[in-house]
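The entries follow the order in which I consulted them.

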Amino acid sequence: MASTFRDQLNILSGLTSERTWNATRVWSSYMTSRMSGKVSHKGFPISISIEPTTSCNLRCPECPSGLRSFTRPTGMLKDDLFKNVIDQLSSTLSYLTFYFQGEPYLNPKFLEMVQYASGKGIYTATSTNAHYLDEENARKTIASGLDRLIISIDGTEQETYQSYRVGGKLEKVIEGTKNILRLRKEMKSRTPHVVFQFLVVRPNEHQVPEVYALANELGVDRVALKTAQIYDYKNGSDLIPTLDKYSRYRHEANGLFSIKNELLNHCWKMWHSCVITWDGKVVPCCFDKDAHHIMGDLSNQSFEEIWKGEAYNEFRASLLRSRSEIEMCKNCTEGTKVWA
């Protein structure tokens with residue numbers, strides 16, 4: 001509880017007057033758009049996600065990185081592109097997530113990028129499978145100023161863990177977690193805030209109580225349960241939990257599955273955030289994993305030109321007209337609390 005409060009204070013500590021005013025403008029324009037049904041957009045993103053790499057050491061099902069199924073190019077985020085983005089947005093940007101697809105620690109410049117963003121007072125977070133948190137990387141992670149470290153741990157024993165994290169070793173995850181927590185204490189650092197993220201699927205749903213117990217034993221700051229996105233969900237999947245509260249999908253009387261979320265014609269993400277791929281493409285959100293909806297290219301456009309451009313505003317307008325007609329939105333839970 002105390003660690004969560006400190007983390008919230010850490011987020012608030014970065015809210016300069018300029019960032020606060022930007023957030024106010026973004027929120028007010030979003031609410032105006034919802035009420036009027038017409039696009040009004042002011043300000044710049046409050047948060048963004050940027051992709052260090054599409055490479056990954058694991059082969060998780062339902063993951064384009066794991067399945068090696070991308071149709072877009074694969075590669076590593078370059079330092080100069082990253083710094084260019086941060087320099088354009090740092091005065092108004094509050095929250096930066098170093099993740100889209102892939103394993104961030106595979107990019108050799110990853111922690112240098114974290115340090116650059118942290119140096120500008122931006123709250124930084126990443127998500128990792130924790131297979132690269134050896135002594136050296138754990139120490140560098142803490143020194144980088146990373147504010148939040150989300151560790152994917154989808155099982156409390158090896159057999160269960162590897163049923164989804166194919167090719168992974170649970171012992172590496174636990175070892176890496178211990179390294180971070182021990183060195184955080186030794187280095188007298190309050191960061192990173194360490195989160196165990198547990199993707200609830202049918203093979204591991206019985207271990208939900210156990211992951212809380214493991215987190216408590218290790219001293220992890222928080223456990224976050226996450227529902228699994230299933231691409232071909234209509235006919236069911238061995239990954240869909242049997243416990244309804246852990247599933248994004250509802251089993252209908254006709255035997256088929258449907259998503260629980262009601263596709264309302266608005267989306268906060270389209271106003272306050274975006275995703276930047278490793279090669280500088282700007283896409284609307286994390287559901288566009290193969291970058292089908294490219295709003296612009298930072299290799300030849302400024303961020304402002306893209307964010308306030310015709311293509312982006314037309315996409316926002318199409319969402320306000322009929323979100324259900326946008327394919328990637330059909331499997332989205334944005335704006336709805338699916339389970340407690």
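This is a predicted model: local features need pLDDT of at least 70, side-chain atom pairs count only at pLDDT 80 or more; totals for chains, interfaces and linings use all residues.

Entry 1, a proline in a loop. I found proline 192 in the loop between α8 (170-186) and β5 (193-200); helices (H or I, at least four residues) and strands (E, at least two) are DSSP runs, numbered from the N terminus. The peptide bond from threonine 191 to proline 192 is cis, with omega near 5°. I recalled that most peptide bonds are trans, and that most residues other than glycine have a negative phi.

Residues are numbered from 1 along each chain as its sequence is written, and side-chain values use heavy atoms, with hydrogens and water left out.

I looked up alanine 130, which has a positive phi of about 70° although it is not a glycine. Alanine 130 sits in the loop between β3 (123-128) and α6 (135-144). Is alanine 130 buried or exposed? Alanine 130 is buried, with a relative accessible area of 1%; buried means under 20% relative accessible area, exposed over 50%, and partly exposed in between (1.4 Å probe, protein chains only). Alanine 291 has a positive phi of about 55° and is not a glycine. I located alanine 291 in the loop between β10 (281-283) and β11 (296-297), and alanine 291 counts as buried at 12% relative accessibility.

I traced an open sheet of nine strands with mixed pairing, in the order β6-β5-β4-β3-β2-β1-β9-β10-β11. Its edge strands, β6 (222-227) and β11, each pair on one side only. Two strands pair if DSSP finds at least two bridges between them. Strand β3 and strand β4 (residues 148-152) run parallel and are joined by four bridges. Threonine 128 stands opposite isoleucine 151 in β4.

I turned to the second largest pocket, which holds about 410 Å³ of space. A pocket is an open set of points on a 1 Å grid over the protein atoms alone, where a 1.4 Å probe fits, with protein on both sides within 12 Å along at least five of seven lines; lining residues have an atom within 4 Å of a point. The volume is the space filled by probe spheres set on the points. Of the 18 lining residues, Gln229, Tyr231, Phe287, Glu327 and Met328 lie nearest the centre of this pocket.
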